[in-house]
Amino acid sequence: MLSYPSTIPLSSRTLNRLADLIRAHRNQHRSRWRRLDPGLQALLALAHLRNGDTYTRLAAGFAVGVATAWRYVQEAIVLLAAVAENLATAMGRIRRLAYAILDGTLIPIDRVADQRPYYSGKHKRHGMNVQVIADAAGRLVWASPALPGSTHDLTAARVHGIIDALTSAEVMTYADKGYQGAWGSVRTPFKRRRHWPKLSRRQKTVNRAHARIRARGERAIATLKTWKMLTKLRCCPLRATAIVQAILVLHHVEANRYA
């Protein structure tokens with residue numbers, strides 16, 4: 001088997017953060033000798049999450065078994081997801097924003113036995129619905145737990161309590177037409193209706209200004225998708241939430257904006 005050196009576009013700060021979590025977990029459980037030390041296990045997990053390397057490639061590169069590589073990655077994801085912020089905690093930062101941008105994205109998955117709940121009619125594929133909150137500059141602030149892809153964006157936002165939380169905090173929020181009817185502090189563009197087939201000039205001007213602001217939220221989704229693990233999940237859909245939360249923790253450590 002051939003091998004070659006590769007890189008991960010992350011800083012040592014992120015590696016050390018994950019290694020510290022793994023080291024504390026081993027000390028707490030008085031874990032016996034492991035094939036890889038905490039630093040190498042953290043590197044293995046980051047290679048999987050960021051670069052999307054398969055377990056077979058990781059096992060060959062780190063000289064461990066495929067089952068060991070899988071177990072090390074899953075352990076790292078669980079440890080990271082355990083320290084992820086929930087919405088109530090994240091609202092401490094969100095309420096200080098000039099305004100927020102709310103948008104939803106679909107994380108593709110492999111087909112499963114019960115396909116219907118995971119099929120998104122909007123995207124014409126199977127996946128998991130994740131709600132994303134960005135700041136005025138388009139930086140990723142928070143991502144919600146994953147719901148089946150057939151869930152509408154407005155329904156998902158209500159299930160997670162995002163609409164109520166933003167309204168209670170009086171945070172002006174910009175969203176697309178999929179959130180029509182959210183009310184509260186959520187602002188959506190004007191939409192043509194049956195009795196008003198044309199929008200007025202003022203409404204079109206408002207929609208253009210709204211689109212320029214909301215487009216910045218796509219940067220947050222693009223930031224989330226730079227983690228190649230989310231290109232397509234090839235695992236149980238129930239693990240999607242832990243993976244998204246783990247990646248969110250690593251992103252905040254790497255960005256170091258809210259330290």
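Mentor: Let's start on the open side of helix H8, where Arg201 and Arg212 are exposed. Exposed means over 50% relative accessible area, buried means under 20%, and partly exposed is in between (1.4 Å probe, protein chains only). This is a predicted model, in which local features need pLDDT of at least 70 and side-chain atom pairs count only at pLDDT 80 or more, while totals for chains, interfaces and linings use all residues. Residues are numbered from 1 along each chain as its sequence is written, and side-chain values use heavy atoms, leaving out hydrogens and water.

Trainee: Which residues of H8 are buried?

Mentor: First, the general idea: an α-helix has 3.6 residues a turn, so residues three or four places apart point the same way. In H8, the buried ones are Gln203, Asn207, His210 and Ile213. Looking down the axis of H8, you'd find its buried residues within an arc of 120 degrees, so they line one face of the helix. That arc is taken from the directions from the helix axis to the C-beta atoms.

Trainee: How many residues of S1 are buried?

Mentor: In a regular strand the side chains alternate between the two faces of the sheet. In S1, 9 of its 9 residues are buried. One side carries Ala100, Leu102, Gly104, Leu106 and Pro108, the other Ile101, Asp103, Thr105 and Ile107, and both faces are covered.

Trainee: Which strands does S1 pair with, parallel or antiparallel?

Mentor: Two strands pair if DSSP finds at least two bridges between them. S1 pairs with S6 in the parallel sense over 2 bridges, and with S3 (residues 125–134) in the antiparallel sense over 8 bridges. Find Ile101: it stands opposite Tyr174 in S6, and its bridge partner in S3 is Ala134.

Trainee: How many helices and strands does the chain have?

Mentor: The protein chain has 10 helices and 7 strands. Of its 259 residues, 46% count as buried.

Notes: Helices (H or I, at least four residues) and strands (E, at least two) are DSSP runs, numbered from the N terminus.
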